[in-house]
Amino acid sequence: MDAYGHVNNGVYLTYLEECRDAWAQELFGGPNGSWDFVLAHIAIDYRSQLTQADGEIVVRCRLASFGRSSVRTREEIVKADGTLAAEAEAVVVPRDPDADRSRPLTEQERESLQAELERDANER
C-alpha cells in the first residue's frame with residue numbers, strides 16, 4: 001500500500017509479471033524446466049485503484065500475436081466484483097543464455113504459439 005491507501009502502481013506490474021511468467025512456463029516450460037525470455041516492452045493503462053478492501057484479484061494473460069522473435073501478450077487485472085483495474089500489453093523475446101541476447105523463436109515454439117492462438121479463438 002502507498003501513502004494514499006491503495007496498491008502502488010509498481011505492484012500492478014509485479015502482478016502482471018507473475019501471471020505472464022506462469023503463462024509462459026505453462027506454454028513453453030514443459031518437463032525440462034523454464035522458458036528463458038526477457039521483457040522488451042510493457043504498456044499499462046490503470047483503470048481503477050486497488051485497495052486492501054478489494055480482497056482477491058484475478059490477473060489474466062493471453063497471447064495477442066507473435067513474430068519471428070517476439071511474443072505479444074494482452075494482460076488484465078480484475079477485481080473480484082468484475083471491475084477492471086488495469087489493462088496491459090507486453091512484448092517478450094526468447095533469450096539465448098549462452099550468447100546473452102535475444103534469439104528467433106524455434107519452430108516448436110511457433111507451433112505452440114499458433115496452437116494457443118487457435119485455442120483462444122475457439123474459446124471466444
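**Reading a predicted chain**

Of the chain's 124 residues, 30% count as buried. The model is predicted.

Biologist: What makes C19 a buried residue?

Modeller: Its relative accessibility is 16%. Buried means under 20%, so C19 counts as buried.

Biologist: How many disulfides does a search of the whole structure find?

Modeller: The search finds 0 disulfides.

Biologist: What pattern does the chain follow along the sequence?

Modeller: The pattern is α-β-β-β-β-β-α. That reading goes with 2 helices and 5 strands.

Biologist: How do you know that β2 and β3 pair?

Modeller: Two strands pair if there are at least two bridges between them. Strand β2, residues 57-66, and strand β3, residues 71-79, are joined by 9 bridges, and they run antiparallel. The hairpin from β2 to β3 passes through 4 residues.

Biologist: What makes β3 and β4 a pair?

Modeller: The cut-off is at least two bridges, and 8 bridges join β3 to β4, residues 84-96. These strands also run antiparallel. R72 stands opposite V91 in β4. The hairpin of β3 and β4 has 4 residues between the strands, and in that hairpin G82 takes a positive phi near 95 degrees.

Biologist: What is the phi of D100, and what makes it worth a remark?

Modeller: Phi of D100 is near 55 degrees, a positive value in a residue other than glycine. Most residues other than glycine have a negative phi.

Biologist: Where does D100 lie?

Modeller: D100 lies in the loop between β4 and β5, the latter being residues 101-102.

Biologist: What about V38: which class does its relative accessible area give?

Modeller: V38 has a relative accessible area of 35%. Buried is under 20% and exposed is over 50%, with partly exposed in between, so V38 is partly exposed. V38 lies in strand β1, residues 37-46.

Biologist: Which residues is V38 in contact with, leaving aside its neighbours within four places in sequence?

Modeller: They are V91, V92, V93 and R95. V38 and R95 are 57 residues apart along the chain, yet their C-alpha atoms are separated by 6.6 Å.

Biologist: How much of the contacts with a separation of 6 or more comes from residues 24 or more positions apart?

Modeller: Such residues account for 62% of those contacts in the chain.

Biologist: How many positive and negative side chains does the chain have?

Modeller: There are 14 positive and 24 negative side chains, and the centres of the two sets lie 5 Å apart.

Technical notes
Residues are numbered from 1 along each chain as its sequence is written. This is a predicted model: local features need pLDDT of at least 70, side-chain atom pairs count only at pLDDT 80 or more; totals for chains, interfaces and linings use all residues. Side-chain values use heavy atoms; hydrogens and water are left out. A disulfide is a pair of cysteine sulfur atoms within 2.5 Å. Buried means under 20% relative accessible area, exposed over 50%, partly exposed in between (1.4 Å probe, protein chains only). Contact means heavy atoms within 4.5 Å. Lys and Arg count as positive and Asp and Glu as negative; His and the chain ends are not counted. The place of a charge is taken as NZ of Lys, CZ of Arg, CG of Asp or CD of Glu.
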